[in-house]
Amino acid sequence: MWTKPEDDTNKKQSKLDLAWQMLLDVRKQVTCRLWVVMDRWYFSKPFLRQCESQNFDWVTKAKRNTQLFRRLIEPGTGRERFVPVRPKDLIREVYPLLMQQRDVDVASVACENIYLKMPTTSVNRKGEVVVKMKYAPIAAVVGQRVKPDNKTTEQNGLVDPNEPVDKDDLAAEYKGAYLLISNRHDAPKEVLSAWLRRWHIEILFRTAKQELGMLNCHSSNENHIHAHLTLLFTAETLIRYLLWEQRKTAGKEDCTHGQVIRNLICIRCRNRQAARTNEPGSITIDLDTEAKQFARLIRKLWPLNLELRWFDSTNNQLLRATA
């Protein structure tokens, strides 16, 4: 939760400044190594170095104009050379290898010996701290989702939901394949796995806005907003657990995120007084839900006994009933 400082009139904070504040807040809570999956807008070399300094690994898409270099060793002399290579040409080189992968959801090929010029701090002979651009090894992974039934590229999980208008900021692309770059040159498989998780985050925000009422809190009180978001993600956790329970049994009981909300979470409850000869004055609770679809869940999770309590203002008593 970010609150605009009162003395923030002279200095305007950029998105990079705000992103760095959020990452530092995360570091106050956990110390383990974490991934930062970012849009191409955040591709700033000083910002990437900041992430690495705090034990963050980063991954993003390469732009069309991202300057990459391939490390070569000259035969005979053994001299090391760094040859510029365009991201699109890099994708084109390994594209035939992508086409050979058909039994996977996402085809990927890791390109070796790819480097990026990154700012490096050092001390010169005079004892002065200087920043020089040096070649740093990076992971360059070309990925493409194997799209059955000719699905559109917006559904493939490798495409940004909002493409920028600036042509120089467009992602490097060749026949639906994209290039991911990361500082984890030692773990190219983890690079693709981390990037694919980003799509689940986009889905989370979409369902939170459309189905869980994320934008329905109109209070400006910070405590109210915290409470609203806490309840929202508590509900989302419950829904995900219910979906996981449902999908353990394949077949007709499988349902979607929205069906769980409409048919199990947001159900109508009606109380009525039952006229029974053996139990006079009993109360029956009717829940308007789909019993067949959620029968297994109800049998597993519904408590065997329900205890209801209410206050009788006439007799000043706390009444209790067990069903």
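## Two helices in contact

Leu16, Ala19, Trp20 and Leu23 in helix H1 meet Phe47, Gln50, Cys51 and Ser53 in helix H2. Contact means heavy atoms within 4.5 Å. The residues of this contact divide into 6 nonpolar, 2 polar and no charged. Ala, Val, Leu, Ile, Met, Phe, Trp, Tyr, Cys and Pro count as nonpolar, Asp, Glu, Lys and Arg as charged, and the others, Gly among them, as polar.

H1 covers residues 15-29 and H2 residues 45-53. Their axes, lines fitted to C-alpha atoms over the stretch in contact, come within 11 Å and cross at roughly 5 degrees. H1 is therefore roughly parallel to H2, a label for angles under 35 degrees.

## The model

This is a predicted model: local features need pLDDT of at least 70, side-chain atom pairs count only at pLDDT 80 or more, and totals for chains, interfaces and linings use all residues. Residues are numbered from 1 along each chain as its sequence is written, and side-chain values use heavy atoms, leaving out hydrogens and water.

The chain has 7 helices and 14 strands. These are DSSP runs, helices (H or I) of at least four residues and strands (E) of at least two, numbered from the N terminus. Of its 323 residues, 31% count as buried, meaning under 20% relative accessible area with a 1.4 Å probe, protein chains only.

## Strands around E6

Strand E6 (residues 114-123) pairs in the antiparallel sense with strand E3 (residues 68-73) over 2 bridges. Pairing takes at least two bridges found by DSSP. Phe69 stands opposite Tyr115 in E6.

E6 also pairs with strand E7 (residues 129-137), antiparallel over 9 bridges. Here Thr121 stands opposite Val131 in E7. The hairpin of E6 and E7 has 5 residues between the strands, and Gly127 takes a positive phi near 85 degrees.

Conventions:
Buried means under 20% relative accessible area, exposed over 50%, partly exposed in between (1.4 Å probe, protein chains only). Axes are lines fitted to C-alpha atoms, for helices over the stretch in contact, and angles run from 0 to 180 degrees between N-to-C directions. Angles under 35 degrees count as roughly parallel, over 145 as roughly antiparallel, 65 to 115 as roughly perpendicular and the rest as oblique.
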